[in-house]
Amino acid sequence: MSETRPPTTATAPHDKVTSDAGRAGGTTAPRKGLPVAARLALAAGLVAVAVVCFLFLFIEGTFAFAFERRLTVLGTMVIVAFAHAVGTVVFQTITHNRILTPSIMGFDAVYILTQTLLVAVFGGSVLAATDGMPKLVTQTLLMVCFTMLLFRWLFSGRNGSIHVMLLVGVVLGLAFRSLSDFLQRLLSPSEHDVLATRLFGRLTSAEVGYLPLAGAVCLIVGAVVWHRRYRLDTLLLGRETATSLGIAHKRELTVMLLLVSLLIAMSTALAGPMTFFGFVTAMLAYQFAGTHRHAVVLPMAFLIGLLTLVGGQFVMEHVFYASGMLTVVIEFLGGAVFLVHLLRKGSL
């Protein structure tokens with residue numbers, strides 16, 4: 001099917017579509033200042049500097065060993081940044097809400113519950129014993145299937161609504177977290193410590209064998225999202241307007257929700273849950289991009305997310321000497337930014 005773009009005929013002038021989409025997405029016309037291309041180039045340049053510093057500075061011991069380890073960590077950060085940045089931007093587009101993130105669907109809760117059940121039933125040693133590609137694929141499929149079942153149950157009916165689906169996702173997520181907390185209280189201290197290390201984001205401990213599969217998933221999903229970037233722009237106009245412009249609204253929501261589910265599920269299974277990282281990345285991307293157009297916002301979000309992870313990891317390793325604390329700091333600051341943004345906006 002050929003790519004659908006917002007029409008530029010007299011019946012729907014491009015300028016009017018752009019301004020309407022900006023109002024629907026909470027943005028206005030592009031701000032004055034640097035051109036869009038210059039903003040992207042600046043962000044890409046900062047990312048390149050951060051990557052070079054992370055890979056080559058402050059190497060102690062064998063260069064080959066340190067470089068290989070840092071390259072693996074960099075690959076993990078690229079996948080995590082891409083999954084959360086693209087997934088969050090697309091999710092906010094289809095929900096018409098700049099506050100929501102894919103984590104509201106309960107991905108983190110499903111991941112935590114599966115890890116807790118493994119330890120509660122088989123003991124703490126099962127986590128290390130079952131590590132491998134089959135476990136990564138299984139965890140990803142479980143989280144994607146959870147979303148798809150929720151979607152078909154609540155959104156495929158005549159009165160289906162994505163907002164009802166999100167609300168039920170929140171309730172189920174809380175239920176899964178409560179069950180996980182109950183099971184964790186029954187564990188021995190040693191088993192609880194082993195489990196706790198898996199329930200935080202871990203950028204420095206991902207297996208190098210996982211990266212090719214995760215990278216391939218990101219490339220495929222990224223290609224599909226980029227091909228549909230103009231349809232995402234049109235979805236900002238709302239259901240009725242998008243439908244009148246030739247967009248199969250329900251089908252587009254289904255496709256986009258599946259892609260978002262796959263991205264976040266793969267990232268969570270690879271590096272653990274990160275709740276607020278995507279929200280902060282998407283919010284900064286809209287601020288720095290100066291436009292609602294996904295052709296600009298999507299790459300900007302990815303670059304900002306990657307800069308945050310690479311630069312943050314470099315600072316945490318060589319300034320504060322706390323390399324494993326980056327995700328904790330990001331989640332803490334992200335949660336604070338979320339609360340401030342929510343209080344300033346006054347509503348969801």
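The structure holds zero disulfides, a disulfide being a pair of cysteine sulfur atoms within 2.5 Å. The model is predicted: local features need pLDDT of at least 70, side-chain atom pairs count only at pLDDT 80 or more, and totals for chains, interfaces and linings use all residues. Residues are numbered from 1 along each chain as its sequence is written, and side-chain values use heavy atoms, without hydrogens or water.

Buried means under 20% relative accessible area, exposed over 50%, and partly exposed in between (1.4 Å probe, protein chains only). Cys-145 is also partly exposed, at 42% relative accessibility.

Helix pairs come next. Helices (H or I, at least four residues) are DSSP runs, numbered from the N terminus. Two packed helices are described by the angle between their axes and the distance between the axes. Axes are lines fitted to C-alpha atoms, for helices over the stretch in contact, and angles run from 0 to 180 degrees between N-to-C directions.

Helix H2 (residues 36-56) packs on helix H3 (residues 63-95) at about 145°, and their axes lie 8 Å apart. Contact means heavy atoms within 4.5 Å. On the H2 side, Val-51, Cys-53, Phe-54, Leu-55 and Phe-56 take part. They meet H3 residues including Phe-63, Phe-67 and Arg-70. The contact of H2 with H3 has eleven nonpolar residues, no polar ones and one charged. Here Ala, Val, Leu, Ile, Met, Phe, Trp, Tyr, Cys and Pro count as nonpolar, Asp, Glu, Lys and Arg as charged, and the others, Gly among them, as polar.

Helix H13 (residues 277-289) and helix H14 (residues 294-318) have axes that come within 8 Å and cross at roughly 125°. H13 is therefore oblique to H14. Angles under 35 degrees count as roughly parallel, over 145 as roughly antiparallel, 65 to 115 as roughly perpendicular and the rest as oblique. Among the H13 residues in the contact are Phe-277 and Tyr-286, and among those of H14 are Met-300 and Ala-301. By class, this contact has twelve nonpolar, four polar and no charged residues.

Phe-82 lies in helix H3. Its relative accessible area is 18%, so Phe-82 is buried. Phe-82 and Ala-301 are 219 residues apart in sequence, yet 8.2 Å apart in space, C-alpha to C-alpha. Beyond four places in sequence, Phe-82 touches Gly-87, Cys-218, Gly-222, Leu-263 and Phe-302.

Gln-184 is found in helix H7 (residues 162-185). Gln-184 is buried, because its relative accessibility is 13%.

Technical notes. Helix = DSSP H or I, 4+ residues; strand = E, 2+ residues; numbered from the N terminus.
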